[in-house]
Amino acid sequence: MEKPRVAVHKFASCDGCQLALLNAGEALLALATRVRFVHFAEAGIVDPEAEADIALVEGSITTAHDATRICDVRARSRYLVSLGACATAGGIQALRNGRMRQGDWLAAVYARPEMLDALDTSTPIAEHVKVDLELPGCPVSPRQVMAALADLLLGVRPRREPDSVCLE
Ligand code: SF4
């Protein structure tokens with residue numbers, strides 16, 4: 001029987017949630033015996049167009065291109081789980097929301113702001129597509145991710161421990 005396919009997608013983020021997953025050690029190795037990672041760039045597996053049974057999404061939406069890309073990810077995924085503060089709340093990059101006009105903050109940071117395609121806001125994944133489960137944290141707790149994946153693989157609705165932010 002074919003293993004369930006898992007994709008890990010990155011949007012605007014520091015990669016810390018993906019690194020937390022990579023650092024999960026034995027739990028990640030055990031998971032890899034039960035699923036097939038079809039896209040996980042931090043692990044060297046690159047196929048962003050791959051269909052997936054479960055998509056794990058890190059990062060917020062900060063460009064028009066990414067607003068389109070997350071819709072494509074949603075269309076290719078059976079379940080979508082957003083990982084970490086960037087994906088669930090917009091992240092530290094959302095501090096700009098409502099505070100500065102786009103041209104002002106771009107010019108304050110970048111020498112060639114006209115080269116960038118940035119939106120005025122940084123927004124969580126759930127503001128763009130249906131999200132089946134949100135796992136907060138900065139970074140996300142790998143234990144929560146493993147528990148959620150185990151539930152999804154068993155076909156049950158994932159539970160989220162209400163007090164489990166930043167456990168690890
Ligand atoms: Fe990095 Fe924190 Fe965002 Fe995860 S939630 S990508 S650790 S800034």
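Let's start with D15, which sits in the loop between β1 and α1. When I say helix or strand, I mean DSSP runs, numbered from the N terminus: H or I with at least four residues for helices, E with at least two for strands. Before going on, a quick word on the model: it is predicted, so local features need pLDDT of at least 70, side-chain atom pairs count only at pLDDT 80 or more, and totals for chains, interfaces and linings use all residues. Residues are numbered from 1 along each chain as its sequence is written, and side-chain values use heavy atoms, with hydrogens and water left out.

Back to D15. This residue has a positive phi of about 75°, although it is not a glycine. Is D15 buried or exposed? Its relative accessible area is 16%, so D15 is buried. The cut-offs: buried is under 20% relative accessible area, exposed is over 50%, and partly exposed is in between, using a 1.4 Å probe and protein chains only.

E58 is up next, in strand β3. At 1% relative accessibility, E58 counts as buried. E58 touches D15, and also G16, C17 and L83, among others, leaving out residues up to four places away in sequence. Contact here means heavy atoms within 4.5 Å. From E58 to G16 you count 42 residues in sequence, and the C-alpha atoms are 8.9 Å apart in space.

Now the ligand. Which residues are around it? They are S13, C14, G16, C17, E58, G84, A85, C86, G137, C138 and P139. A residue is near a molecule if one of its heavy atoms lies within 4 Å of it. That shell divides into 6 nonpolar, 4 polar and 1 charged. For those labels, Ala, Val, Leu, Ile, Met, Phe, Trp, Tyr, Cys and Pro are nonpolar, Asp, Glu, Lys and Arg are charged, and the others, Gly among them, are polar. Helices α1 and α4 (84-89) each supply at least two residues of the shell, and α4 gives the most, with 3 residues.

One shell member, P139, is in the loop between β7 and α6.

On to the inside. A nonpolar core is a set of buried Ala, Val, Leu, Ile, Met, Phe, Trp, Tyr and Cys residues joined through side-chain atoms within 4.5 Å. The largest one has 22 residues, and F37, L56, V81, L83, L135 and V145 touch the most other members. Elements that each supply at least two residues include β1 (5-10), β3 (52-58), β5 (77-83) and α6 (142-154). Which element gives the most? That's α6, with 5 residues. L83 has contacts including C17, L56, E58, L135 and V145, leaving aside neighbours within four places in sequence. There is also a second, separate core of 10 residues, which includes A55, I70, A87 and V129.

Two more residues and I'm done. T62 is in strand β4 (residues 61-63). T62 is buried, with a relative accessible area of 10%, and its contacts include A12, Q93, R96 and D117, not counting residues up to four places away in sequence. D66 is in helix α3 (residues 64-75) and counts as buried at 10% relative accessibility. D66 and F11 are 55 residues apart along the chain, with C-alpha atoms separated by 7.0 Å. Leaving aside neighbours within four places in sequence, D66 is in contact with F11, A12 and I61.
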